[in-house]
Amino acid sequence: MRIGKRLYSLMMFIVVAFLGGLLAAGLIVPVAGMATATGTAAVGSLDNLPTELKTPPQPERSRLLNADGSVLAYFYDENRIYETLDKIAPIMQQAQVAIEDHRFYQHGALDLTGTLRALVRSSQGNTQGGSSLTQQYVRLVLVEIAEESNDAAAKAAATENTIARKIRELRYAIAMEKTLTKDQILEGYLNIAYYGDGAYGVEAAAKHYFNTSAAKLTLPQAAMLAGLVRNPVATNPVDHTPQAIERRNNVLDRMAELKDASDNPLITAQQLADSKAEPFDKSKVRQSRLGCANSKFPFICDYALEVLKQQATALGATPAERLNSVYRGGLTITTQIDPKAQRQAQRVLSKRVSPKDPAIGVIVMMEPNTGLIRAMAQSRPVMGLNWRKGETFYNYAVGKSQHGGDGFQGGSTFKAFVIAAALNDGFGTGTTFRVATHKNYIGETFPSCNGSVKVTKRWTVDGPERGSYNLWNGTAQSVNNYFVPLEQAVGLCPVVKMAKAVGLQPASGEDITKLAYPSFTLGSVEITPLSMVTAYGTFANRGVRCNPTIIKSIKNKAGKELPKPEAGCKKVMDQGVADAVNKVLQGPFTSGTLTGSRIYGTTLAGKTGTVPSNKAAWTMGYTPDLVTAAVISYDNGPHFKKFWKGHRGFLHGIRLPKSKTYLSGFGADAGRMLFKPAMTYALKDIGRNTQFSDPPQSVLNGESVSVPSCAGRGPSSCAALLHAAGFGTYYSKQYSDTVPARGLIGTSGAGSASKGTQIAIYVSQGPQPVPTPPPTPSPTPTPTNPGRGGR
């Protein structure tokens with residue numbers, strides 16, 4: 001049996017040698033049937049094979065950077081950093097050639113001795129190495145092309161254990177050596193080869209295993225890398241250190257055996273001994289931050305990737321093409337994320353709201369004049385599935401289309417949109433309403449975009465304030481029963497259209513104008529913190545809306561800058577109106593609900609927001625340089641339902657179980673605990689302190705409307721007259737000695753008043769009753785007792 005096998009091998013060697021000679025000459029290969037592991041491989045004429053192999057650019061990893069240049073994440077299908085041959089250590093070149101094809105620079109595309117050996121072994125059903133380095137490079141390119149086009153059949157053909165594959169590779173190799181130099185082929189090989197543990201190409205491998213560059217590789221390092229190519233899994237030094245050391249030493253031995261052009265060994269005996277004595281240092285292994293889950297700021301990373309996929313049209317016509325560019329294009333993508341501000345925001349959040357608390361905290365910061373996001377932090381910063389550890393896959397700062405959650409109701413932060421719509425429509429800061437502590441608006445009508453909306457059910461709005469309020473103190477104190485009638489006077493349509501214009505968007509992605517309900521001014525819509533910084537940023541930027549963007553620049557592997565998703569900055573409201581909004585919104589910080597969140601030396605504008613039942617607490621604050629949203633909300637997820645059943649007041653008067661933070665449940669919580677420390681640090685880091693512009697007095701004053709005289713009218717007729725002139729009214733009963741009961745005494749307005757102001761209609765109750773004097777008490781008789789007196 002042994003003689004038979006030897007005879008067969010000898011015969012096959014002779015046959016293959018003959019074929020190999022023809023191949024070397026570039027001649028025709030006759031059809032021959034050869035036994036292989038998978039059956040018969042038919043090999044036809046070389047003329048039937050393509051003569052040119054187009055080598056596509058090798059896929060390289062892309063980098064996502066913070067504003068300071070530090071790496072936020074890597075994106076790649078293959079972790080590769082392409083380097084030219086002059087940036088790869090000569091010792092690495094020598095080691096790779098020595099172990100894979102030591103006659104590489106002497107022979108052509110075919111290493112006849114190695115190829116014949118491989119063909120003989122393959123004819124026995126055991127594929128053997130021995131292909132020239134050029135042939136190996138051809139195979140790697142064919143595999144890469146198949147993976148690029150997602151062609152499973154082509155990949156199988158490029159890796160099948162057949163002589164047919166060897167002949168295809170050889171044909172391509174012959175053509176390749178006619179168009180590329182040996183150095184160019186070696187450069188391509190060193191960059192495309194897989195070196196195990198996710199490292200493609202020698203530069204990525206050098207960084208991964210040794211925390212160095214390909215240019216600085218030492219002899220033992222180069223020998224280890226060179227040895228990995230043949231079996232990168234079994235000899236991976238991270239998981240199989242002894243096998244990797246043994247393989248490295250094999251490479252070193254081979255280098256000691258081979259001679260250079262001067263007939264000297266490639267390495268000396270001393271170099272051999274010293275290199276073999278060097279251990280593999282696992283402490284130098286560096287893992288690249290593949291994808292967003294492994295990033296220090298995973299949710300920022302995920303948002304950036306979504307922006308690239310959805311908006312970066314320069315990277316491809318479709319989302320799939322754009323992602324392919326990101327994962328294979330070797331791009332350098334820089335964000336405006338300030339890692340210092342981001343870490344500070346994260347520290348602030350983590351101190352106040354634990355990832356394991358049944359509540360969620362979020363801070364988002366944006367430059368209003370560019371739309372660039374500077375920070376995006378949340379109380380659950382780890383991306384994952386284990387909710388018990390406080391992990392999540394939701395980015396609570398953004399909407400559902402960008403992997404966000406349900407959003408949060410905005411509370412009284414929505415009053416800013418009523419303010420803007422009112423000032424834009426001629427209502428002034430002097431517009432005054434009489435406020436009740438509690439008011440039921442059932443039966444009231446609110447003008448809308450399509451007719452009117454009537455409140456058909458009991459809707460009682462509460463607030464501790466009562467008396468007369470104008471836009472200044474109504475805003476500073478966030479008076480609910482001031483803003484509901486103001487919204488009613490302005491109309492729902494101008495309010496929601498203003499909200500949409502400045503950038504407010506529901507978390508669901510719906511059109512905000514479709515949600516025009518009377519409760520809008522109290523923030524009944526679920527929105528995102530990112531949407532809120534966009535909207536308030538429009539006020540800060542004097543009426544110019546810049547949509548949020550996280551991408552500062554995109555460069556291809558050659559360093560050429562590519563078009564990036566733009567903020568699309570656009571004027572959407574009058575500059576003077578925006579300045580007036582900013583002036584009014586300074587009130588909460590100077591004399592209202594945010595006095596505890598003031599920052600020394602900085603003029604701030606903004607608004608608190610408390611959601612009904614204290615389910616969320618907001619603070620929006622900004623300067624012309626930076627706008628910040630801070631929110632604390634109860635978590636309505638299924639894991640915490642049981643907890644909140646026992647806390648029907650939600651955030652009101654609660655101490656969070658993990659962080660032990662006590663919450664009042666009002667918007668000032670978010671201002672004092674989150675906004676102030678995060679904003680203080682970020683503004684200091686920016687180093688700018690741009691001041692707000694003074695608004696035109698004409699906008700602050702609004703339209704002054706003549707108050708019509710109600711002389712000779714009754715109360716109802718007077719009210720109708722005032723309503724027709726654009727005023728609100730309320731009745732106030734007073735005693736009168738001259739006007740009969742239920743008659744009109746007069747009104748509170750005379751001459752002119754701010755548009756929309758409520759005018760008091762004084763209705764007579766008749767003469768004031770004369771008080772009845774208390775009855776005179778009867779005199780008490782003086783007792784007499786002569787027998788006892790004088791003692």
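**View 1. Thr 334 and its contacts from elsewhere in the sequence.** Setting aside neighbours within four places in sequence, Thr 334 touches Leu 65, Asn 66, Ile 550, Ile 551, Lys 552 and Ser 553; contact here means heavy atoms within 4.5 Å. Thr 334 sits in strand β7 (residues 332-335). Helices (DSSP H or I, at least four residues) and strands (E, at least two) are numbered from the N terminus. With a relative accessibility of 15%, Thr 334 counts as buried, since the cut-off for buried is under 20% relative accessible area, with exposed over 50% and partly exposed in between (1.4 Å probe, protein chains only).

This is a predicted model, so local features need pLDDT of at least 70 and side-chain atom pairs count only at pLDDT 80 or more, while totals for chains, interfaces and linings use all residues. Residues are numbered from 1 along each chain as its sequence is written, and side-chain values use heavy atoms, with hydrogens and water left out.

**View 2. Helix α7 and its surroundings.** Of the 11 residues in α7 (residues 182-192), 9 are buried, so this helix is largely enclosed by the rest of the structure. Among the buried ones are Lys 182, Glu 187, Tyr 189 and Asn 191. The buried residues of α7 pack against β5 (79-80), α2 (90-100), α4 (133-148), α6 (163-179), β6 (199-200) and α8 (202-210).

**View 3. The largest nonpolar core.** This core has 97 residues, and the ones touching the most other members are Phe 417, Leu 486, Leu 504, Phe 520, Tyr 536, Phe 539 and Trp 618. Helix α15 (residues 415-424) gives the largest share, 8 residues. A nonpolar core is a set of buried Ala, Val, Leu, Ile, Met, Phe, Trp, Tyr and Cys residues joined through side-chain atoms within 4.5 Å. Neighbours within four places aside, Leu 486 is in contact with Val 418, Ala 422, Phe 427, Thr 431, Phe 433 and Leu 471. Another core, of 55 residues, lies apart from this one and includes Tyr 137, Val 138, Leu 140 and Ala 193.

**View 4. Helices α14 and α23 side by side.** Helix α14 (residues 339-352) packs on helix α23 (residues 667-686) at about 165°, with the axes 9 Å apart. Axes are lines fitted to C-alpha atoms, for helices over the stretch in contact, and angles run from 0 to 180 degrees between N-to-C directions. The two are therefore roughly antiparallel, the label for angles over 145 degrees. Residues meeting here include Lys 340, Val 348 and Arg 352 from α14, and Met 673, Tyr 681 and Asp 685 from α23.

Key: Angles under 35 degrees count as roughly parallel, over 145 as roughly antiparallel, 65 to 115 as roughly perpendicular and the rest as oblique.
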